[in-house]
Amino acid sequence: MNLITHALVGWTAANFSKTLSKRDMFIITCAGVIPDIDGLGAPVEILTRDSSNPLLWWTEYHHGLHTLLFCAVVCAAASFFGRRKLLTACLAAISFHLHILGDILGARGPDGYQWPIPYLRPFSEAWQLTWEGQWKLNAWPNIAITMILLAIAFRLAWLRGYSPVGLFSEKADTVFVETIRKRFPGKI
Ligand SMILES: [Zn+2]
């Protein structure tokens, strides 16, 4: 799935508890996106594709951090930086695994490649998680899921008075929530 969908899934997980601070919610949302930092090699691969010495950083490393070990690192960081340490770490683990589940369901490449998840790497190559019904990255279910997640984020913003916009700017979030509440004066 794309980064926006992953972020919205992470944000939904971060709303599991009403008592979390913005900082904890930011950490949990990040945990739902961070496995894809192993895809940062893509621009390098594209830029060196036609050279005599191409660097296949995308092909070789993408999904390399979609692992249980990296999840443990992320949870340790979540616990270290979070205020409600245990809850933040647990929700970060859920957010991380929802990312993996999302990729198994709907991240087939345009060429049909399934990008298996090497869940136990580097300890074992035994689990290469795939699902034969996996749809493509740009398929309609991903668009539908993103729309549903957006609707959830809007409803949560209306109800609770904050949205993912607040992860970047408190001011912009206040304006955003006010706009939604004015646009939908009844309950949404
Ligand atoms: Zn991913």
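The exercises below work through one predicted protein model, each with a solution in steps.

Because this is a predicted model, local features need pLDDT of at least 70 and side-chain atom pairs count only at pLDDT 80 or more, while totals for chains, interfaces and linings use all residues. Residues are numbered from 1 along each chain as its sequence is written, and side-chain values use heavy atoms, with hydrogens and water left out.

**Exercise 1. The overall build**

Task: Find which secondary structure the protein has, and what part of its residues is buried.

Solution. Begin with the elements: the protein has eight helices and zero strands, where helices (H or I, at least four residues) and strands (E, at least two) are DSSP runs numbered from the N terminus. Read along the sequence, this gives the pattern α-α-α-α-α-α-α-α. Next take the extent, for which the C-alpha atoms fill a box of roughly 60 × 35 × 35 Å along the principal axes. Then turn to burial: of the 188 residues, 40% are buried, a term that stands for under 20% relative accessible area, with exposed over 50% and partly exposed in between (1.4 Å probe, protein chains only). Finally, consider the contacts, meaning heavy atoms within 4.5 Å: among those with a separation of 6 or more, 64% come from residues 24 or more positions apart.

**Exercise 2. The zinc site**

Task: Identify the protein donors of the zinc ion, and explain why their arrangement is irregular.

Solution. First list the donors, which are N, O and S atoms within 2.8 Å of the metal (3.2 Å for Na, K and Ca); water is not among the atoms, so sites may look incomplete. They are Asp36 (OD), His66 (NE2), His99 (NE2) and Asp103 (OD), at 2.0 to 2.2 Å from the zinc ion. Along the sequence these donor residues are spaced D-x29-H-x32-H-x3-D. His66 belongs to the loop between α4 and α5 (68–81) and His99 to helix α6 (residues 85–106), so this pair ties together parts that are 33 residues apart in sequence. Both histidines are covered, for His66 is buried at 0% relative accessibility, and His99 is buried with a relative accessible area of 1%.

Now judge the geometry. Four donors count as tetrahedral if all angles lie between 85 and 135 degrees; four count as square planar and six as octahedral if opposite donors are over 155 degrees apart and all others between 65 and 115; anything else is irregular. Here the four donor atoms subtend angles of 91 to 166°, and the arrangement is therefore irregular.

**Exercise 3. The salt bridges**

Task: Determine how many salt bridges the whole structure contains, and which residues form them.

Solution. The criterion comes first: a salt bridge is a side-chain nitrogen of Lys or Arg within 4 Å of a carboxyl oxygen of Asp or Glu. A search of the whole structure gives two. In one, Glu170 pairs with Lys22, and their closest N and O atoms are 3.8 Å apart. This pair links distant parts of the chain, since Glu170 is in helix α8 (residues 170–183) and Lys22 in helix α2 (residues 22–31), 148 residues apart. Glu170 counts as partly exposed at 49% relative accessibility, and Lys22 as partly exposed at 30%. In the other, the side chains of Arg121 and Glu125 meet at 3.0 Å, N to O. Arg121 is partly exposed, with a relative accessible area of 30%, and Glu125 is partly exposed at 45%.

**Exercise 4. What covers helix α2, and where Gln134 sits**

Task: Name the buried residues of α2 and elements that cover them, then decide whether Gln134 is buried or exposed.

Solution. The buried residues of α2 are Asp24, Met25, Ile27, Ile28, Thr29 and Ala31. Their cover includes α1 (3–14), α5 and α6. Between Gln134 and Ala107 the C-alpha distance is 7.0 Å, although they are 27 residues apart in sequence.
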